[in-house]
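I opened this notebook to keep track of what I look up in one structure. The entries follow the order in which I checked things.

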Amino acid sequence: MVIDAAVSPVQQRNLERAWKCKVIDRTGLILEIFGARARTHEGSLQVELAALTYQRSRLVRSWTHLERQRGGFGFIGGPGESQLELDRRIITDRIVLLKRELEDVRRTRSLHREARKRVPYPVVALVGYTNAGKSTLFNRLTRAEVVSASRLFETLDPTMRRLPLRSGRHAILSDTVGFISDLPHHLVAAFRATLEEVMEADLVVHVRDVHHLDTEAQRSDVHAVLTEMGLGEAVEQGLIEALNKIDLLPPAEREALHNQTRRNHDMVPLSAATGEGCDELIALLDRRLDADRRAVHVSVPLSDGATLAWVYRHGEVVSRADDEEDAQLEVRISDADLGRLKSRLAQ
Ligand SMILES: Nc1nc2c(ncn2[C@@H]2O[C@H](COP(=O)(O)OP(=O)(O)OP(=O)(O)O)[C@@H](O)[C@H]2O)c(=O)[nH]1
Ligand SMILES: [Mg+2]
């Protein structure tokens, strides 16, 4: 049984007794999901830290509760009490250890990043609200690949698989944990850690349930979270949107959606369930990934650190020679990004 609110330990115990089943509250459930999904070492550490902090806060709460009950009797100790104290000390020690370990992981993270850059394939991350159909789409797009056993990624990580593109090239498709509204504040760090690969992705695909009544509100929620995570620029430039579950729309609405997206090349109406529209999405990924990258020469004022960083993020810098004022760069970059760069430099 899952309760969609915070439940105190005493309430939890009473409910478990009354209903004769395991009861967890919202935070507990979210932590279980994150725990199952955390992929990186840092992700697991963050989730464990959040879980322990949560447990400790509950211990403190039941402790004050007992104290209040006993108030005035003036005896200290008792089996329940010392057990609580012991639990608390064990948890606190573990938290200290975890924090230290997290520091180490952060220090070595840049090394990992470098290693990942050597992966020969670009990474495409599927993000979106919970229940939008990310995993269904993930399975649909990579199904052939599982049959032909892309062993390497399959065994390492069930939520990353090789995705064959039209042109014979490949990408890595990454399924991620779904967004939820009202994420408790103390869980944000853990949530971000489980989404770390999104930060590293070459392309982010926003999977949306267009059949859902709240689809527009969900869209802005996802944008807000991504922006908070530092992906505001990708959001502003327009994420690729997979408008999923069109099989559930009545024909007239479906037609309207198709008309509406005909001119917007970053939106693809599709159904992960029936497969309709999935080829169009793959074609779009192919186009966006680097089919249109070409080498160009650009010069960026050295004083414009933000634009320089932008160039490194969006293009592949082949060579660089700085003069007095400017960085002279040889960059492989897509036409779309080159356009954006030019308008940045013109400002
Ligand atoms: N009719 C229909 N149902 C779909 C479609 N895609 C997904 N579903 C259903 O929607 C539900 C959620 O799909 P999932 O793929 O698990 O969603 P998710 O985004 O991975 O959800 P989380 O992992 O919780 O974030 C499942 O019952 C799917 O069968 C679709 O195109 N059409
Ligand atoms: Mg899923």
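**Entry 1: salt bridges**

I looked for salt bridges and found that the structure holds eight of them. This is a predicted model, so I read every distance as a value computed from that prediction. Side chains of opposite charge can pair when their charged atoms come close.

I took the pair of Lys-245 and Asp-209 to begin with, where the closest N and O atoms are 3.3 Å apart. Lys-245 sits in the loop between strand 7 (240-244) and helix 10 (251-262), while Asp-209 belongs to strand 6 (residues 203-209), so this pair ties together parts that are 36 residues apart in sequence.

Are the two partners buried or exposed? I noted a relative accessible area of 19% for Lys-245, which makes Lys-245 buried, because the cut-off for buried is under 20%. Asp-209 has 7% relative accessibility and also counts as buried.

Next I looked up Arg-254, which forms a salt bridge with Glu-276; the closest N and O atoms are 3.1 Å apart. Arg-254 is in helix 10 and Glu-276 is in the loop between strand 8 (267-269) and helix 11 (278-291), so the pair joins parts 22 residues apart in sequence. Arg-254 is partly exposed, with a relative accessible area of 23%. Glu-276 is partly exposed too, at 31% relative accessibility.

I then checked Arg-288 and Asp-266, whose side chains meet in a salt bridge at 2.8 Å, N to O. Arg-288 lies in helix 11 and Asp-266 in the loop between helix 10 and strand 8, so this pair ties together parts that are 22 residues apart in sequence. I wrote down 31% relative accessibility for Arg-288, which counts as partly exposed.

I also found a network of salt bridges that links Arg-208, Glu-216, Arg-219 and Glu-241.

**Entry 2: Ser-271**

I looked up Ser-271 and found it in the loop between strand 8 and helix 11. How accessible is Ser-271? Its relative accessibility is 0%, so Ser-271 counts as buried.

The side chain of Ser-271 reaches the backbone nitrogen of Ala-273 at 3.3 Å. Leaving out residues up to four places away in sequence, I listed what Ser-271 touches: Asn-244, Lys-245, Ile-246, Asp-247, Glu-276 and Cys-278. Two names in that list, Lys-245 and Glu-276, were already in my salt-bridge entry.

**Entry 3: ligand 1**

Which residues are closest to ligand 1? I found that 16 residues surround ligand 1, and that the closest are Thr-130, Lys-134, Ser-135, Thr-136 and Asp-247. Helix 5 (residues 134-147) gives the most to this shell, with three residues.

A polar side-chain atom of Thr-130 is 2.7 Å from an oxygen atom of ligand 1. Gly-178 has a backbone N or O atom 3.3 Å from an oxygen atom of ligand 1. An N or O atom in the side chain of Asp-247 is 2.7 Å from a nitrogen atom of ligand 1. On its own, ligand 1 has 650 Å² of accessible area, and the protein covers 70% of that.

**Entry 4: Leu-226**

I turned to Leu-226, which is found in helix 9 (residues 215-237). Leu-226 has 1% relative accessibility and so counts as buried.

Not counting residues up to four places away in sequence, Leu-226 touches Val-127, Phe-179, Val-198, Leu-231, Gly-232, Val-235 and Leu-239. I also checked Leu-226 against Arg-192: the two are 34 residues apart in sequence and 9.6 Å apart in space, C-alpha to C-alpha.

**Entry 5: a surface patch**

Leu-29 lies in helix 2 (residues 26-37). At 31% relative accessibility, Leu-29 counts as partly exposed.

**Entry 6: the whole chain**

Last, I wrote down the totals. The protein chain has 13 helices and 11 strands. It has 347 residues, of which 39% count as buried. Its accessible surface comes to about 19400 Å², and 54% of that belongs to carbon and sulfur atoms. Of the contacts between residues at least 6 apart in sequence, 65% join residues at least 24 apart.

Note on methods
Residues are numbered from 1 along each chain as its sequence is written. Chains are lettered from A and ligands numbered from 1 in the order in which they are written. This is a predicted model: local features need pLDDT of at least 70, side-chain atom pairs count only at pLDDT 80 or more; totals for chains, interfaces and linings use all residues. Side-chain values use heavy atoms; hydrogens and water are left out. Helices (H or I, at least four residues) and strands (E, at least two) are DSSP runs, numbered from the N terminus. Buried means under 20% relative accessible area, exposed over 50%, partly exposed in between (1.4 Å probe, protein chains only). Contact means heavy atoms within 4.5 Å. Accessible areas come from the Shrake-Rupley method with a 1.4 Å probe; for residues, only the protein chains shown count as cover. A salt bridge is a side-chain nitrogen of Lys or Arg within 4 Å of a carboxyl oxygen of Asp or Glu. A residue is near a molecule or strand if one of its heavy atoms lies within 4 Å of it. A polar contact is a pair of N or O atoms within 3.5 Å; within protein, one must be able to donate a hydrogen and the other to accept it, and residues adjacent in sequence count only if both atoms are side-chain atoms.
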